[in-house]
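Q: I'm new to this one. Could you take me on a close look at how its helices pack?
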Amino acid sequence: MTSAPLISVSELRRTYKVKTTGGWFSPTAELKAVDGVSFDIRPGETLGLVGESGCGKSTTAKLVLGLIPATSGKVVFEGKPVAADSKRAWREQRRRMQMVYQDPLGALDRRLPVGAQAMEPLDIFGEGTKAERRDRMLALFDAVGLPRTSVDRYPHELSGGQRQRVVLARALMLRPSLLVCDEPISALDVSIQAQVINLLKDLQEQLGVAYLFISHDLKVVRHVSHRVAVMYLGRIVESGRPEAIMRAPAHPYSQALISAVPSPRARGKERIVLEGDPPSPVDIPKGCAFHPRCPLATDRCRSEAPELRPFGEQRHVACHRAGVSITSARGAA
């Protein structure tokens with residue numbers, strides 16, 4: 001892989017003003033949806049972004065694509081800042097980065113044949129003749145494993161897996177260098193999920209496209225990702241190679257997530273059950289945001305927010321007690 005990042009995200013933040021109580025004249029508070037996220041993705045690489053619902057994964061995806069403006073921070077794509085405030089510049093950049101949504105049926109127009117919908121990006125940007133557009137559409141249908149007889153069918157006439165393949169074909173129509181996949185398989189049956197995951201990997205090998213792959217399923221993320229970033233309450237708390245994190249997670253939150261992954265190797269191992277719910281992003285605790293649920297929390301955790309620091313080889317962790325095992329600490333107690 002080349003050393004130059006395809007996309008570089010630096011200290012990205014997105015906050016919202018929300019009402020704390022009911023009524024027109026109630027005071028407002030700041031909701032921190034994304035709070036200082038940084039990462040790079042290189043050409044042909046997959047970064048898996050994992051975490052609980054509400055941790056800021058989908059907001060990060062929208063910020064990366066320029067669908068919503070950042071409160072602060074920067075996104076640089078192919079050497080240029082993502083121009084969320086400039087329609088013309090942003091439109092040109094969007095040719096090179098596309099999104100694959102969670103619900104393929106919701107992402108497609110039920111009134112149009114899927115072939116016409118797949119060609120729509122070419123129509124919008126005026127690429128090629130009508131015959132050339134159709135040829136490219138057919139070639140991509142072949143690449144994603146769709147029969148050519150499906151071209152004139154409507155979304156409701158296809159299976160969930162076939163619909164997601166249409167969405168993939170449409171996303172690849174302009175030959176992007178980055179696909180942002182936001183929970184792309186969660187709405188599919190388990191048997192179909194494996195097919196789509198294998199398809200994504202095959203397309204990456206053939207086309208060299210990079211992925212930002214967002215999911216709550218660690219098994220899937222481990223299978224598709226070159227690197228993994230674990231998010232909690234708007235921040236990345238651990239990042240590194242998937243095999244290293246799965247084998248020996250250093251952050252207590254990562255340990256809890258991985259302990260919940262079903263595996264034959266996990267037989268006899270203690271499941272780490274976190275107490276309580278994640279704090280509200282409107283009222284983030286002082287110090288480490290995870291400390292109210294962390295069995296390893298100390299006074300330092302309650303008063304000082306940890307920074308994302310290098311930990312071992314090619315890994316970063318934001319934790320004052322990085323590397324301490326929850327199960328070992330419980331056994332010693």
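A: Let's start with a contact: Gly161, Gln164, Arg165, Leu168 and Leu172 of helix 6 meet Ile192, Gln195, Val196, Leu199, Leu200, Leu203 and Leu207 of helix 7. Contact here means heavy atoms within 4.5 Å. By class, that's eight nonpolar residues, three polar and one charged (Ala, Val, Leu, Ile, Met, Phe, Trp, Tyr, Cys and Pro count as nonpolar, Asp, Glu, Lys and Arg as charged, and the others, Gly among them, as polar).

A quick word on the source: this is a predicted model, where local features need pLDDT of at least 70 and side-chain atom pairs count only at pLDDT 80 or more, while totals for chains, interfaces and linings use all residues. Residues are numbered from 1 along each chain as its sequence is written, and side-chain values use heavy atoms, leaving out hydrogens and water.

Now the geometry. Helices are DSSP runs (H or I, at least four residues), numbered from the N terminus; axes are lines fitted to C-alpha atoms over the stretch in contact, with angles from 0 to 180 degrees between N-to-C directions.

Next, helix 4 (residues 114–125) and helix 5 (residues 130–143) pack at about 120°, axes 9 Å apart. That makes helix 4 oblique to helix 5. Their contact has six nonpolar, one polar and four charged residues.

Methods. Helix = DSSP H or I, 4+ residues; strand = E, 2+ residues; numbered from the N terminus. Parallel < 35°, antiparallel > 145°, perpendicular 65-115°, else oblique.
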